[in-house]
Amino acid sequence: MIHVVAAVIEDDDRFLLTRRQKGVHLEGMWEFPGGKIDEGESREAALRRELREELDVDIEVQELIFDISHDYPERTVVLYFYRCVLRGEPRPQLGQEMRWVPREELPSLGFPPADAELITLLMKLGAR
């Protein structure tokens, strides 16, 4: 079982997304930036570390907005999605693609299956 944190960063009804690189699990899919929680690390610390490593940016971690456990054929992933605020300008550090995506485009992008319920939730929140 792998525990993962992800940052839901919203600005002007757009969300910061990155694309999974070639050679990794679920390559080419779009995702909310984040990564695995190291042993002994808090979720918040892991999220701040991952965003510094991946996007060279500090964040303010706010509330947990969604969590889910998803069984893939090769692994089970437990995902924790936190609302976050950027404290700087993100700059991809690993050669990954990064985009600000309008809320209405989220359902048309290729996300990992574990993200489907979060996308539905974000669409409902935007319809208010």
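In which strand does Glu-31 lie? Glu-31 lies in strand S3. The model is predicted; local features need pLDDT of at least 70, side-chain atom pairs count only at pLDDT 80 or more, and totals for chains, interfaces and linings use all residues. Residues are numbered from 1 along each chain as its sequence is written, and side-chain values use heavy atoms, with hydrogens and water left out.

Helices and strands are DSSP runs, numbered from the N terminus (H or I, at least four residues, for helices; E, at least two, for strands). Two strands pair if DSSP finds at least two bridges between them. S1 and S2 are antiparallel and share 2 bridges. They form a hairpin with 2 residues between the strands. In that turn, Asp-12 has a positive phi of about 55°. Asp-11 stands opposite Arg-14 of S2. S2 also pairs with S7, antiparallel, over 5 bridges. Here Leu-16 has Trp-100 of S7 as its bridge partner. A further 2 bridges join S2 to S3 (residues 30-31), again antiparallel. Arg-19 faces Trp-30 of S3 in this pairing. S5 and S6 run antiparallel and are joined by 10 bridges. Their hairpin leaves 4 residues between the strands. Ile-59 has Leu-86 of S6 as its bridge partner.

Glu-31 has 15% relative accessibility and therefore counts as buried. Buried means under 20% relative accessible area, exposed over 50%, and partly exposed in between (1.4 Å probe, protein chains only). The Glu-31 side chain makes a polar contact of 2.9 Å with the side chain of Arg-20. A polar contact is a pair of N or O atoms within 3.5 Å; within protein, one must be able to donate a hydrogen and the other to accept it, and residues adjacent in sequence count only if both atoms are side-chain atoms. Contact in general means heavy atoms within 4.5 Å. Neighbours within four places in sequence aside, Glu-31 is in contact with Leu-17, Thr-18, Arg-20, Phe-111 and Asp-115.

Helix H1 covers residues 43-55. Its 13 residues should span 18 Å at 1.5 Å a residue, and the end C-alpha atoms are 18 Å apart, which agrees. The expected span is 1.5 Å times one less than the number of residues. The buried residues of H1 are Ala-46, Leu-47, Arg-49, Glu-50, Leu-51, Glu-54 and Leu-55. They pack against S1 (2-11), S2 (14-19), S4 (34-36), S5 (59-71), S6 (76-86) and S7 (98-102). Glu-50 counts as buried because its relative accessibility is 9%. Its side chain joins that of Arg-49 in a polar contact of 3.1 Å. Residues up to four places away not counted, Glu-50 touches Gly-34, Gly-35, Lys-36 and Leu-55. Just after H1, Asp-56 takes a positive phi of about 50°.

A nonpolar core is a set of buried Ala, Val, Leu, Ile, Met, Phe, Trp, Tyr and Cys residues joined through side-chain atoms within 4.5 Å. The largest such core has 22 residues. Those with the most contacts inside it are Val-8, Leu-17, Phe-32, Phe-81, Leu-106, Phe-111 and Leu-118. S1, S2, S5, S6 and helix H2 (116-126) each supply at least two residues of this core. A second, separate core has 16 residues, including Ala-46, Val-61, Tyr-80 and Leu-86. Phe-111 touches Leu-17, Met-29, Trp-30, Glu-31, Phe-32, Leu-106 and Ile-119, with residues up to four places away in sequence not counted.
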